[in-house]
Amino acid sequence: MLEKEIEDAKRLVKTDAYQMSVGEIINMYRDGELIINPDFQRLFRWEIGQKSKLIESLLLGIPLPSIFVFEKDDTKWELIDGLQRISTLLEFMGLLRNPTTGQPEPPSSLVATKYLPSLDKVVWEKSQLIAEVPANDQVPLPGPLQLAVRRSRISVEILKRPSSNETKYDLFQRLNAGGTQANAQELRNVIVIMVSSQYYKFMRECALRESFLNVLSASADQLEKQRDMEYVSRFFVHTFIQYDGKLDVEDFIDKSIVDLAAAGETQNAGVVFNATFDLLDEAFGADALRRFSNGNPVGRVVLAAYECIAIGVAKNIAHIQAKEDPVEFVKQRIREFWMSPAIDNFFVAGLRGTVRIQRTIPFGTNWFAV
């Protein structure tokens, strides 16, 4: 059985590999043969120190990790891993285009690195567009060193056209799962973009809704780490897809949000999302998901409360809206929820997520169904 599964899975993946110079890759981008998804490019966020270390590596002859591309139907390549490296090179050379306007982005200037302190204020060529360093202070990279950068070689791993789209985003996730530059939700965002940029935009609009942000009550640091998008993902997955208990929770959310993005249903999903968080916000605002102790909200928002209360309301939203006073009903059920001894099983330290959501989601669904 295992051998057959391996053989079947291998047939899904067709690959090739080339050694290419940086110059060849840059030319492909300039000629429109290497595509960077605009939504991917908006996630380009390396700091200048990281960018400078990349150029340092090329100048010192240190090999760069492979980049991965997906061969599209028109034989053009879509970059699926290596965004930070390729975008850094393009930006440094003044060739990176704005994803919205198509116009060139301002070039970057480098900072000193451990082995090459003289990289400070080095640019590919002088430009008035580099705001952080006056043109008179900029140090153009000498021609022979420019040539060394262009001649540097990068291994390009190519996922061939017979490979499925699912293989494309699964590969992206596997390549990045062990990295430190992107967290689980940031990777999930990119995967959703790969499947449907429209669905990603829909999710982002939901994440920006005022009532949702009030109820989530996330800190600036949490928002920076995509906590809002994580909770939007969990909302749609747990509201519209039944968990069968087989996959790890993170894998289940990854797979399910891809399924939802591929289906592309946003009208009903948006109505349920907006109604749920508008109702919770009107009921208790930033305290809607906080534990009530002696009648007062305390602590922070945790997943178990989100799964019970937000998802519980969402799964019963039509039933709740039909009540004489939906807001008062939600207030009462939330207060009583925190007094129920049954919820102690949801907040046990070390409780596995697979076990937790098989307790919280059904409980919350039944709790708000009365």
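1. Two residues are in contact here when they have heavy atoms within 4.5 Å of each other. With that in hand, take the contacts between residues at least 6 apart in sequence: 69% of them join residues at least 24 apart. Please keep in mind that this is a predicted model.

2. Some overall figures to start with. The chain has 370 residues, and 47% of them count as buried. Its secondary structure consists of 18 helices and nine strands.

3. The aromatic residues deserve a look, as the whole structure contains 22 aromatic pairs. One of them joins Tyr231 and Tyr306 edge-to-face, at 4.5 Å centre to centre and with 65° between the planes. This pair links distant parts of the chain, since Tyr231 belongs to helix α12 (residues 227–240) and Tyr306 to helix α15 (residues 303–315), 75 residues apart. Tyr231 and Tyr306 are both buried.

4. Tyr306 has a further ring partner in Phe277: the centres are 6.4 Å apart and the planes lie at 25°, so this pair is stacked. Because Phe277 sits in helix α14 (residues 267–284) and Tyr306 in helix α15, the pair ties together parts that are 29 residues apart in sequence. Phe277 is buried, as is Tyr306. Ring pairs also gather these residues into a cluster, whose members include Tyr199, Phe202, Phe212, Tyr231, Phe235, Phe277 and Tyr306.

5. Arg97 has its charged end over the ring of Tyr29, 4.3 Å from the ring centre. Likewise, the charged end of Lys323 sits over the ring of Phe329, at 4.6 Å from its centre.

6. On to charge pairs: the structure holds 13 salt bridges. Asp228 and Arg204 form one of them through their side chains, with N to O at 3.3 Å. As Asp228 is in helix α12 and Arg204 in helix α9 (residues 197–207), the pair ties together parts 24 residues apart in sequence. Which side of the burial cut-off does Asp228 fall on, buried or exposed? Its relative accessible area is 6%, so Asp228 is buried. Arg204, at 21% relative accessibility, counts as partly exposed, because buried means under 20%.

7. Glu230 counts as buried at 17% relative accessibility, whereas Arg227 is partly exposed at 26%.

8. Arg290 and Asp287 also meet in a salt bridge, at 3.4 Å from N to O. Arg290 is buried, with a relative accessible area of 16%, and Asp287 counts as partly exposed at 27%. Elsewhere, salt bridges with shared partners join Arg188, Arg227, Glu230, Arg234, Glu250 and Asp254 into one network.

9. Finally, two single residues. Glu33 is in the loop between α2 (22–30) and β2 (34–35), and is partly exposed at 37% relative accessible area. Setting aside residues up to four places away in sequence, Glu33 touches Met28, Lys76 and Trp77. The C-alpha atoms of Glu33 and Glu78 are 8.4 Å apart, although 45 residues separate the two along the chain. Thr354, in helix α18 (residues 353–367), is buried with a relative accessible area of 12%. Beyond its neighbours within four places in sequence, Thr354 is in contact with Tyr243, Leu247, Asp248 and Val249.

Technical notes:
Residues numbered from 1 in each chain as written. Predicted model: local features only at pLDDT ≥ 70, side-chain atom pairs only at ≥ 80, totals over all residues. Heavy atoms only, no water. Helix = DSSP H or I, 4+ residues; strand = E, 2+ residues; numbered from the N terminus. Buried < 20%, exposed > 50% of the residue type's maximum accessible area, 1.4 Å probe, protein only. Phe/Tyr/Trp six-rings, centres within 6.5 Å; stacked < 30°, edge-to-face > 60°. Lys NZ or Arg CZ within 6 Å of the ring centre and 35° of its normal. Salt bridge = Lys/Arg side-chain N within 4 Å of Asp/Glu carboxyl O.
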